[in-house]
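Terms are given their cut-offs where they first matter.

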Amino acid sequence: MAKTRIEANVQHIIIVEGTHDQDFLEQLLRDNGLSSASIQVLPLGGKTVLGSNLKLLVKDPAFPNIQSLMILRDADSIVPDRHEETESPNQQVARSAALRSMDSVRSSLSNAGLSVPIRHAEFTAATPRVGVFIFPDGQADGMLESLCREALGDHEDATCIDAFFLCVSEKRSDVQFSPKAWTHAYISVQEDPDLHLGKAAKKGYLPLQSDTFGNLVQFFRTVLSVGAQNPPLDAKT
Amino acid sequence: MFSSIKIQRFRGLENLEISGLSRVNLLLGKNNAGKTSVLEAFFLLCGATNPSMPNTVSFLRGQRIANVLPDNVWRCLFYGMNPNSSIHIEGRWQNEGRCRMLDIKARMAATNDALESGVGTASCDEELTIDSLRLSYTDAKDREVVTQAKFDREHGQLEMVPMERDDFVRCTFLSARSYSTMERDARQFSHLVRIKQDREVVESLKIIEPRVCGIEVLSEYGGSSVYVDLGLPSLIPLAACGEGFVRFFSIIVEVTNSRQGLLLIDEIDNGLHYSVMQNLWTLLGQMCIDHNVQIVATTHNDELVMSAVDSFASHPDDFRVFRVDRTTQGHRSVRYDEEDLSAVRETQFEIRG
């Protein structure tokens, strides 16, 4: 098994949870003209280990070369990080899943000694610049697959898949299907039916140039297209 | 135990500080990062009132001072090969209020200051070479001891007179490039026989070779040699055993003999099979506690690091991992504590640099 490390010449790091997300993001960058040897997508494990893994990341000998760090997280039910005090159920209900995800990542960043952005999709000014993108949009509950479902809304298969889930829901009223289930159902009717999200993206089953991914792509462009037209947002002030 | 060390202008290290040292410490880093230099700095500091120590660390690297000017050997000790920049090493020992400090300065002299005998030629050379090394040691109570290693040009000899000190710490350096001599192995093991600790070594060696049932020191050919009893009709010379076995023997014997002291091991995994590493750490961890020994060792071996993480999981405060990085801004040390190492185990993060 290959070890996790920052590759030579990398200046920008995108942190995702797993290798499926890694495959998806690498293809999304390619399809939107952002792929470069200076960008590395790193799967750093689930939410429970983000804090400790960020601490390891900053100790990597190549970390001083890093100009920007982008962390992508789902806004689904979040597990408190190791460093985060467990909230009472009432506190958790009071805040949206997106806000709790954002706060969890902020806590992990702070514990790793990194600069902390205040809001979703904004970058800090310090080096490395740090930004956090909470799927699907920093407000609603959801996940990466929420964007995929939205992007596939006009696909000819979409109405069939909607009908399928409607049919099942009518028979099993206790079950609520997630965007993840919908996306997997969509992939399962493609030519190669047993792919995970990342491989499906690489296979071209997902419209990664869709406007649905526009905010995410713009988030990357903020730091990947270096220039005066993108002044840093100082989230620390 | 040392809790920290600061090294300035020594070999390739312009300025490096390592803090938070524990009972057992592993140094990682790329080739030529300066790991061995860190071990040498510890060794020089422990032997700071013995002016032969600079020659000893050079000898361990294969550099030998013959009856010629020691300049080539001594110059390598100084950062950038520049003897005008004095070496500074300081370390904090246990709970002492101040650091122990060693400064090494070179004294320069002209190379050709006389006619070469029997030759009707003389030259005026601007080149200066190192004539002597001045070692200035200051202990934690601010007492200074100064010694000197001086090359006697007339007789082609080094003059070195060690001085006593009150805060002596036994320190042993196991080099990566060569192993103990038969004489040293025999001497060290004989000492353990005298203090009735030889059985501990025999039992420990069973980790590598379960057939070991005894170790004997035999006199032969005017010297002494270590023999291993594997239950065969005759004893086997230690030198005839495998490289890993000999390495393991040296480590175990030196730990047992280093009570209250410091053991430096360069490339500790040399010759060792991965399957013994977990047991090696379990054994070394316990021996270091029992004998109050501190170990600082270097390695490139990931399996060795991970087996150590597992072995010290029940007493993680006794184990630390450090990496020495050479960056464009100089050297830096990175420490991995208990939480880091636990995460490394889960995520397979590369920490060797």
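Accessible areas come from the Shrake-Rupley method with a 1.4 Å probe, and for residues only the protein chains shown count as cover. On that basis the accessible surface of chain A comes to about 11,300 Å², and 48% of it belongs to carbon and sulfur atoms. This is a predicted model, in which local features need pLDDT of at least 70 and side-chain atom pairs count only at pLDDT 80 or more, while totals for chains, interfaces and linings use all residues. Residues are numbered from 1 along each chain as its sequence is written, chains are lettered from A and ligands numbered from 1 in the order in which they are written, and side-chain values use heavy atoms, with hydrogens and water left out.

Chain A has nine helices and four strands, where helices (H or I, at least four residues) and strands (E, at least two) are DSSP runs numbered from the N terminus. Along the sequence they follow the pattern β-α-β-α-β-α-α-β-α-α-α-α-α. Of its 237 residues, 50% count as buried, a term that means under 20% relative accessible area, with exposed being over 50% and partly exposed in between (1.4 Å probe, protein chains only). Contact means heavy atoms within 4.5 Å, and of the contacts in chain A with a separation of 6 or more, 72% are between residues 24 or more positions apart.

Two packed helices are described by the angle between their axes and the distance between the axes. The axes, which are lines fitted to C-alpha atoms over the stretch in contact, with angles running from 0 to 180 degrees between N-to-C directions, come within 11 Å for helix 1 and helix 9 of chain A and cross at roughly 75°. These two helices of chain A are therefore roughly perpendicular to each other, the class that covers 65 to 115 degrees.

| Helix of chain A | Residue range | Residues in the contact |
|---|---|---|
| Helix 1 | residues 19–31 | A:L25, A:L28, A:L29 |
| Helix 9 | residues 214–224 | A:L216, A:V217, A:F220, A:L224 |

The residues of this contact divide into seven nonpolar, no polar and no charged.

Between the chains, 17 residues of chain B are in contact with 18 residues of chain A. The buried area, meaning the accessible area (1.4 Å probe) that two parts lose on being put together, summed over both, is about 1,800 Å² for chain B and chain A, with carbon and sulfur atoms giving 53%.

A:P136 lies in the loop between strand 4 (129–135) and helix 5 (144–151) of chain A, and counts as buried because its relative accessibility is 12%.

Definitions and conventions:
Angles under 35 degrees count as roughly parallel, over 145 as roughly antiparallel, 65 to 115 as roughly perpendicular and the rest as oblique. Ala, Val, Leu, Ile, Met, Phe, Trp, Tyr, Cys and Pro count as nonpolar, Asp, Glu, Lys and Arg as charged, and the others, Gly among them, as polar.
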